Amino acid sequence: MRKARILLLDAAPGELMARELDRLLGHGLEITLNLRRVTDRAGTRETWGDRVEFTDFDTFDEAALTAATVRGGEGYDALKSRAGVPLRARFLAAATDPALARPLRVIGRAGAGFDHVELPAAARHGVTVTHTPGSNAGAVAEFALAQLLALTRDLPAHNATAHRGVWRSPAAPAAQLSELTLGIVGLGRTGSALAGRAAALGMDVQGLSRQHRTGTPARPVRSLTALLTTSDVVSLHLPLTAETRGMIGRAELAAMRPGSILLNTARGGIVDEQALADALRDPGHPLAAAAVDTFAHEHAAFASPLSGLPNALLTPHVAGMTRSAMSTAALHCADHVAALLGGRPEGVPVVTA
């Protein structure tokens with residue numbers, strides 16, 4: 001019986017890559033590793049060249065991605081991604097062509113999000129999509145808390161002036177966390193993890209969720225408007241779906257409490273970035289600042305109207321990038337993909353359209 005073959009679009013970074021490759025090889029999979037985002041390419045070839053095949057292409061170039069996947073009419077049984085490489089209908093049709101020796105059967109995401117995959121097309125072509133929900137919940141919750149602390153204490157501005165040799169005291173004293181109300185939109189694993197951490201620091205925490213998770217310290221609120229109008233800090237923790245796309249627009253931003261802060265570590269499409277930029281430019285707007293880790297256009301296509309705004313704290317989608325979170329995601333993803341390829345779907349998280 002031939003071994004299943006997997007294409008790693010982007011391996012786990014640094015020393016975690018070795019653990020990921022060992023795990024996949026331990027499952028009996030044949031591996032092709034894309035070297036494009038690997039730092040030490042020569043060392044990787046030397047260390048793994050007798051056990052792993054290599055390729056090198058830009059995963060965000062759909063033509064290059066398709067060519068690498070179907071090259072020579074061979075194909076791959078599975079793909080693994082961690083950076084959210086777009087896998088759209090045209091690519092999925094090519095990757096599952098019955099003429100291929102190995103039509104695509106499984107897509108594994110080392111992370112919680114799955115909006116990069118066109119799920120109806122995947123279902124149409126018989127491709128199972130798995131991910132690792134909760135693998136980075138603690139990491140993202142910690143990052144949102146860091147964003148919160150940085151903006152409530154105005155750390156970016158103090159840092160900038162200190163580096164210029166200017167001794168800048170606050171125009172008014174900052175509020176302590178125990179004086180603030182945190183509103184969390186989405187009380188899944190990450191939102192609940194943030195609620196617990198914020199409550200432990202003395203914050204009043206409230207949350208909006210389709211299903212209120214038991215054990216969370218967040219008080220339930222009845223609507224998004226109710227949360228926005230009564231929170232000093234609003235943090236988003238939702239998947240990007242048809243229902244959540246554009247959820248935070250001009251009207252929602254205008255409804256926020258004066259002097260409030262918005263945090264987004266979820267998905268860029270949930271917030272209207274132009275509306276957010278316009279609000280932050282307007283000194284009379286109730287929104288005082290925002291911290292954004294996810295954008296509508298990322299990686300090589302990164303562009304945002306928020307760039308250059310002093311009251312916008314911007315980071316390149318790094319909230320979940322801790323050693324523990326990335327290790328858990330990579331290894332669980334390897335286990336999930338191997339189980340699905342081996343016809344053992346029990347207990348494997350699968351995403352449906």
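Arg344 is partly exposed, with a relative accessible area of 44%. In this predicted model, Arg344 sits in the loop that runs between helix H12 (323-341) and strand S14 (350-351). Apart from neighbours within four places in sequence, Arg344 is in contact with Ala338 and Ala339. Thr265 is 79 residues away from Arg344 along the chain, and the C-alpha atoms of the two are separated by 33 Å.

**Ser192**

Ser192 is part of helix H8, which covers residues 189-200. Its relative accessible area is 15%, and Ser192 is therefore buried, the cut-off for buried being under 20%. The side chain of Ser192 reaches the backbone oxygen of Gly188 at 2.9 Å. With neighbours within four places in sequence left aside, the contacts of Ser192 are Leu187, Arg213 and Thr216.

The table sets out the accessibility of the two residues discussed so far.

| Residue | Relative accessible area | Class |
|---|---|---|
| Ser192 | 15% | buried |
| Arg344 | 44% | partly exposed |

**Helix H11**

Helix H11 spans residues 273-281, and its buried residues are Glu273, Ala275, Leu276, Ala277, Ala279 and Leu280. At the start of H11, a side-chain oxygen of Asp272 comes to within 3.1 Å of the backbone nitrogen of Gln274.

**The chain as a whole**

The secondary structure of the chain consists of 12 helices and 14 strands. The radius of gyration is 22 Å, close to the 20 Å given by the globule rule for 353 residues, so the chain is as compact as a globular protein of that length. Along the principal axes, the C-alpha atoms fill a box of roughly 70 × 50 × 35 Å.

Of the 353 residues in the chain, 50% are buried. Ser192 is one of the buried residues. Where contacts join residues at least 6 apart in sequence, 65% of them link residues at least 24 apart.

The accessible surface of the chain is about 16400 Å², and carbon and sulfur atoms account for 53% of that surface.

Methods. Residues are numbered from 1 along each chain as its sequence is written. This is a predicted model: local features need pLDDT of at least 70, side-chain atom pairs count only at pLDDT 80 or more; totals for chains, interfaces and linings use all residues. Side-chain values use heavy atoms; hydrogens and water are left out. Helices (H or I, at least four residues) and strands (E, at least two) are DSSP runs, numbered from the N terminus. The radius of gyration is taken over C-alpha atoms; the globule rule is 2.2 Å times the number of residues to the power 0.38. Buried means under 20% relative accessible area, exposed over 50%, partly exposed in between (1.4 Å probe, protein chains only). Contact means heavy atoms within 4.5 Å. Accessible areas come from the Shrake-Rupley method with a 1.4 Å probe; for residues, only the protein chains shown count as cover. A polar contact is a pair of N or O atoms within 3.5 Å; within protein, one must be able to donate a hydrogen and the other to accept it, and residues adjacent in sequence count only if both atoms are side-chain atoms.
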